[in-house]
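User: I'd like to go through this model with you, a few spots at a time. Can you keep the answers plain?

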Amino acid sequence: MPPARLPDSPLASRFLDSPNRGERRGRGRPDCLILHYTGMASGEAALKVLLDPASELSAHYLVWENGAIDQLVAESDRAWHAGRALWKGEDDLNSASIGVEIVNPGHDGGSPPFPERQIAATIELGRDVCARWEIAPERVLAHSDVAPARKQDPGEAFPWEQLWRAGVGHWTEPARLSGGALFAHEEEGPPVRALQAMLALYGYGVGITGVYDRQTRQTVAAFQRHFRPERVDGEADASTVATLKALIDRLRPK
Ligand SMILES: [Zn+2]
């Protein structure tokens with residue numbers, strides 16, 4: 001029998017070898033961290049799926065409600081968590097990332113809050129992974145950031161600001177809510193194109209169509225879930241645009 005493998009992170013208590021993995025393609029090391037919720041009734045049910053070869057799903061880590069962490073795939077390997085995705089023009093996010101599944105039933109389960117112990121463990125794990133792989137703060141992403149048309153996780157109930165205050169991820173204080181949508185659905189013109197260009201500059205895989213179309217609304221909703229969680233409606237209001245601009249400004253070297 002081969003010796004049991006030790007987790008890559010000292011924070012993980014068990015290494016449970018998921019068969020759902022492969023080699024990272026075209027790159028030796030991950031440079032982003034993607035956070036998910038499991039979206040299932042229980043952590044046990046999610047773990048079963050993540051270890052089942054028939055599911056073809058996995059993640060590097062699973063963070064339980066009580067803060068325990070299991071590792072399922074070696075960090076050097078490519079886990080199967082992001083699916084069809086796009087960020088900064090790159091489409092193989094599984095090869096580019098470390099994936100972390102956080103046990104939470106998600107939107108379909110009524111979006112219960114993430115327990116404090118679970119968030120503390122997620123923060124510790126994020127700090128550890130980002131330090132060891134030198135992952136930039138703005139490359140700590142939501143699954144919904146890289147797949148806005150398909151995914152909502154980890155959702156607007158996830159405390160991104162708290163993570164940022166603890167040194168994990170990118171954030172700016174959201175601009176105050178005021179006023180309604182700046183664009184009607186299917187409205188067309190240079191201002192819409194400018195908004196799409198800003199979203200794309202930040203990293204979102206939005207098409208620059210110049211039309212406030214469905215994919216733009218989905219991308220704006222993904223942005224709001226992560227950065228302006230007070231109202232997630234896919235409408236570009238003044239607060240959404242100002243928050244996006246502030247985040248972009250923060251990326252620029254001083
Ligand atoms: Zn996900």
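User: Leaving aside its neighbours within four places in sequence, which residues is Glu 173 in contact with?
Analyst: Keeping in mind that this is a predicted model, Glu 173 is in contact with Glu 161 and Arg 165 once the neighbours within four places in sequence are left aside.

User: Where does Glu 173 lie, and is Glu 173 buried or exposed?
Analyst: Glu 173 lies in the loop between α5 and α6, and because its relative accessibility is 52%, Glu 173 counts as exposed.

User: What separates the C-alpha atoms of Glu 173 and Thr 243?
Analyst: The C-alpha atoms of Glu 173 and Thr 243 are separated by 7.5 Å, although the two residues are 70 residues apart along the chain.

User: Thr 243 takes me to the helices. Which residues of α7 and α8 meet?
Analyst: On the α7 side there are Val 220, Phe 223, Gln 224 and Phe 227, and these meet Thr 240, Thr 243, Leu 244 and Leu 247 in α8. Sorted by class, that contact of α7 with α8 has five nonpolar, three polar and no charged residues.

User: At what angle do α7 and α8 pack?
Analyst: Helix α7, residues 214-227, packs with α8 at an angle of about 70°, and their axes are 11 Å apart. The two helices, α7 and α8, are therefore roughly perpendicular to each other.

User: And how do α6 and α8 pack?
Analyst: Helix α6 (residues 190-202) and helix α8 (residues 238-251) have their axes 10 Å apart and pack at an angle of about 40°, so α6 and α8 are oblique to each other. The crossing in which α6 passes α8 is left-handed.

User: Which residues make that contact?
Analyst: From α6 the contact takes Leu 195, Met 198, Leu 199, Leu 201 and Tyr 202, while α8 brings Val 241, Leu 244, Lys 245, Leu 247, Ile 248 and Leu 251. By class, the contact of α6 with α8 has ten nonpolar residues, no polar ones and one charged one.

User: Switching to the metal: what are the protein donors of the zinc ion?
Analyst: The zinc ion has His 36 (ND1), His 143 (ND1) and Asp 153 (OD) as its protein donors, and these lie 2.1 to 2.2 Å from the ion. Since His 36 lies in strand β3 (residues 32-37) and His 143 in helix α4, the pair ties together parts that are 107 residues apart in sequence.

User: What spacing do the donors of the zinc ion follow along the chain? And are His 36 and His 143 buried or exposed?
Analyst: Along the chain the donors of the zinc ion follow the spacing H-x106-H-x9-D, and both His 36 and His 143 are buried.

User: Staying with Asp 153, is the peptide bond to Pro 154 cis or trans?
Analyst: The bond from Asp 153 to Pro 154 is cis, with omega near 5°, and Pro 154 lies in the loop between α4 (143-146) and α5 (160-165). For context, most peptide bonds are trans, and most residues other than glycine have a negative phi.

User: On that last point, which residues other than glycine have a positive phi?
Analyst: Among them are Lys 88, whose phi is about 50°, and Ser 111, whose phi is near 50°. Lys 88 has its place in the loop between β6 (77-79) and α2 (93-96), whereas Ser 111 lies in the loop between β7 (97-102) and α3 (116-133).

User: How does Ser 111 count, given its relative accessibility?
Analyst: Ser 111 counts as partly exposed, because its relative accessibility is 29%.

Conventions: Residues numbered from 1 in each chain as written. Predicted model: local features only at pLDDT ≥ 70, side-chain atom pairs only at ≥ 80, totals over all residues. Heavy atoms only, no water. Helix = DSSP H or I, 4+ residues; strand = E, 2+ residues; numbered from the N terminus. Buried < 20%, exposed > 50% of the residue type's maximum accessible area, 1.4 Å probe, protein only. Donors = N, O, S within 2.8 Å, 3.2 Å for Na, K, Ca; no water. Axes fitted to C-alpha atoms, helices over the stretch in contact; angles between N-to-C directions. Parallel < 35°, antiparallel > 145°, perpendicular 65-115°, else oblique. Left-handed = near helix turned anticlockwise from the far one by under 90°. Contact = heavy atoms within 4.5 Å. Nonpolar A, V, L, I, M, F, W, Y, C, P; charged D, E, K, R; others polar.
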